[in-house]
Amino acid sequence: MATLTQRQKEAATMPTYPEYRSLVPPLNANLHKGQGGRVCVLGGSSDYTGAPYFSAMSALRLGADLCHIICDEDAATAIKSYSPDLIVHPHIKIRAANAAQDKKTSNDIWAHTFDEINSLLKRIHVLVIGPGLSRDKGMLQTAKHAIEVAKEQDMPIVIDADGLFLIQNEPEIIRGYKKAVLTPNLVEFGRLCNAVNVDTEDEEAEQPAVQRLSLALEGVIIIQKGKSDVISDGQKVQVIDCEGGLKRSGGQGDILTGLVATSLAWGLAYEKEVWQHTHPVKKEDVAMTACFGACVITRECSRLAFEKHKRALQSSDVLAEIGPFFHLFYQKPRQKATWAEAIYG
């Protein structure tokens, strides 16, 4: 299901490096705090505290100005201890809601949680759903609420991990929302396809499964992670096959969500002309270009970390590569460089 036929590969398109580079806000005194991207990650449960950290910190390491994490109160202290750079909100009260003496008390707790989320999301550019979310009913209920609020605000949403479990069970939550990006791995991709009746084994199909999944969800962007990453918005297909690391440590998918979120936030600023530019990327291509660049950066940072650490590689090692690599990636090449020139110098 992850392999494209030769004909499908030949039909794939690719944004240029200068197009992705044009989405990156300049570093100058004319911009103020927040214009470089305000990202929010909703995840982090009593069992999973690392995933939202990797997502949020990768967003910051790429260049987002601010990153918030909405998590369960039992996860908040651990996440706060990982970094003072993160703004952590323990708005989800699973234990308190479950311990409530009556339904009214429980409902009041959830109403307060949703009010807090509604207020916070008014200040956010991009929402990430899923890292460390878990399949707890209350956590999934909160994620569903946040998705609906983000849709009302026309906000880009990146969904991964157990956020995809929510979508596979309720595809209508996201169907037709073209500012959503799903980032499934092999297993998650298969489950999503099954949920919307896309045959992943049809080798005669003119369109690859990733494109057919996007079409079934009416234009939602899919990043199908694998040996090569394949992206589709239902109309175009893009393939990222630059070399990545060979160690599959937990957390690398979370890092991708943060890089996608920051890239999408930059795309919003580009569309709003926060800085002067010549519009080299058409509005309809901004999101796909942002996703392509984020995948390239993730794969290269994984490769660089793997070269240093081999089997000992952990996602914290990949995280450490983002800032130094992106500085060279953005500053060193000619503005008209190819992707290979930008990546490898």
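Q: Where does UniProt put the "binding site" feature?
A: The unreviewed UniProt entry places it at Gly132, Asn185, Leu186, Val187, Glu188, Phe189, Gly190, Arg191 and Asp254. UniProt positions follow the numbering used here, feature names are shortened, and annotations may be inferred rather than shown by experiment.

Q: Which of this set are in the lining of the largest pocket?
A: Gly132, Asn185, Glu188 and Asp254. On a 1 Å grid over the protein atoms alone, a pocket is an open set of points with protein on both sides within 12 Å along at least five of seven lines, and lining residues have an atom within 4 Å of a point.

Q: What are the ground rules for the model?
A: This is a predicted model: local features need pLDDT of at least 70, side-chain atom pairs count only at pLDDT 80 or more, and totals for chains, interfaces and linings use all residues. Residues are numbered from 1 along each chain as its sequence is written, and side-chain values use heavy atoms, with hydrogens and water left out.

Q: Where is Asn185?
A: In the loop between strand E6 (180-182) and helix H9 (186-195). Helices (H or I, at least four residues) and strands (E, at least two) are DSSP runs, numbered from the N terminus.

Q: How do H8 and H9 cross?
A: The axes of H8 (residues 162-169) and H9 come within 9 Å and cross at roughly 15°. Axes are lines fitted to C-alpha atoms, for helices over the stretch in contact, and angles run from 0 to 180 degrees between N-to-C directions. H8 and H9 are therefore roughly parallel. Angles under 35 degrees count as roughly parallel, over 145 as roughly antiparallel, 65 to 115 as roughly perpendicular and the rest as oblique.

Q: Which residues meet there?
A: Leu164, Ile167 and Gln168 in H8 meet Glu188, Arg191, Leu192 and Ala195 in H9. Contact means heavy atoms within 4.5 Å. Glu188 and Arg191 are also in the UniProt set.

Q: Switching to H13. How does H11 pack on it?
A: H11 (residues 252-271) and H13 (residues 315-331) pack at about 30°, with axes 9 Å apart. That makes H11 roughly parallel to H13.

Q: Who makes the contact?
A: Gln252, Ile255, Leu259 and Trp266 of H11, with Ser315, Val318, Leu319, Ile322 and Phe326 of H13.

Q: And what angle does H12 make with H13?
A: Roughly 120°, and the axes of H12 (residues 286-309) and H13 come within 8 Å. That makes H12 oblique to H13.

Q: Which residues meet in that one?
A: Ile297, Glu300, Cys301, Ser302, Leu304, Ala305, Lys308 and His309 in H12 meet Asp317, Val318, Glu321, Ile322, Phe325, Phe326 and Phe329 in H13.

Q: Last one: what domain does UniProt give?
A: The unreviewed entry lists "YjeF C-terminal" at residues 16-329. Over residues 16-329 the chain is 49% helix and 13% strand, and the end C-alpha atoms are 14 Å apart.

Methods:
On a 1 Å grid over the protein atoms alone, a cavity is a set of points where a 1.4 Å probe fits but cannot get out, and a pocket is an open set with protein on both sides within 12 Å along at least five of seven lines; lining residues have an atom within 4 Å of a point.
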